[in-house]
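This report describes the fold of a single protein chain. Please look over the sequence and the model before reading on.

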Amino acid sequence: MFGRGTYVEARVRHGAEAMFAGDRASQGLGIELVESGEGFARLRMTVTDAMVNGHGTAHGGYVFLFADTAFACACNSHGPVTVAAGADITFVAPAREGDVLDATAHERTRYGRSGIYDVSVLRGEQVIAEFRGRSRSRTGVTGPEGATA
């Protein structure tokens with residue numbers, strides 16, 4: 001989406017948007033980046049029939065992926081390429097086909113190249129899952145189309 005000359009500039013100004021623009025996995029699932037800012041991101045996803053497990057509820061892997069995408073957008077909002085060092089999720093309530101889920105990620109702390117982010121996944125006002133991600137910024141990493149971040 002971003003040309004060679006504008007990638008780094010865009011990442012610094014709009015890190016989450018630039019990272020999400022290249023996230024074919026999340027976009028293929030219909031995930032939308034609703035809002036982002038420094039250390040913050042809000043995303044939306046509708047649970048489809050392909051995401052439902054044998055119990056008739058959203059497969060936990062899809063809920064984790066959704067929360068992880070919100071985490072990725074929030075921790076990449078600062079500009080440097082940042083990846084997950086680890087993450088945990090607690091499933092609180094089931095989601096079902098047709099449910100519209102919102103994931104809101106908030107930075108708890110950043111120290112050096114590391115950070116901690118909390119993500120709440122909700123259906124309306126009801127909490128579906130709580131996720132905590134640990135990030136690590138990478139130095140000298142090449143972004144899309146060869147631009148160094």
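## Basis and overall make-up

The model is predicted: local features need pLDDT of at least 70, side-chain atom pairs count only at pLDDT 80 or more, and totals for chains, interfaces and linings use all residues. Residues are numbered from 1 along each chain as its sequence is written, and side-chain values use heavy atoms, with hydrogens and water left out.

The chain holds three helices and six strands, in the order α-α-β-β-α-β-β-β-β from the N terminus. Helices (H or I, at least four residues) and strands (E, at least two) are DSSP runs, numbered from the N terminus.

The chain has 149 residues, of which 40% are buried; buried means under 20% relative accessible area, exposed over 50%, and partly exposed in between (1.4 Å probe, protein chains only). Among contacts in the chain with a separation of 6 or more, 61% are between residues 24 or more positions apart; contact means heavy atoms within 4.5 Å.

## The sheet

Six strands form an open sheet in the order E1-E2-E4-E5-E6-E3, with antiparallel pairing. Strands E1 (32-37) and E3 (82-91) are the edges, each pairing on one side only. On average, neighbouring strands of the sheet are turned by 20° against each other, direction ignored. Axes are lines fitted to C-alpha atoms, for helices over the stretch in contact, and angles run from 0 to 180 degrees between N-to-C directions.

Two strands count as paired if DSSP finds at least two bridges between them. Five bridges join E1 to E2 (residues 40-46) in the antiparallel sense, and Gly37 has Phe40 of E2 as its bridge partner. E3 and E6 run antiparallel and share nine bridges; Ala87 stands opposite Gly133 in E6. E5 and E6 are also antiparallel, with ten bridges, and Asp118 lies opposite Arg132 in E6. The hairpin of E5 and E6 has two residues between the strands, and Gly124 there takes a positive phi near 65°.

## Helix H3 and its cysteines

H3 (residues 60-75) has 16 residues and spans 22 Å from its first C-alpha to its last, close to the 22 Å expected at 1.5 Å a residue. The expected span is 1.5 Å times one less than the number of residues. H3 packs on the sheet, touching E1, E2, E3, E4 (100-111), E5 (114-123) and E6 (126-137), and its direction makes about 150° with that of E2. Its buried residues include Val63, Phe66 and Phe71.

Zero disulfides are found in the whole structure. Cys73 counts as buried because its relative accessibility is 0%, and Cys75 is buried at 3%.

## Ala16 in helix H1

Ala16 sits in H1 (residues 7-21). Ala16 counts as buried because its relative accessibility is 1%. Leaving aside neighbours within four places in sequence, Ala16 contacts Leu33, Ser36, Cys73, Asn76 and Ser77. The C-alpha atoms of Ala16 and Ser36 are separated by 6.7 Å, although the two residues are 20 apart along the chain.

Definitions and conventions: A disulfide is a pair of cysteine sulfur atoms within 2.5 Å.
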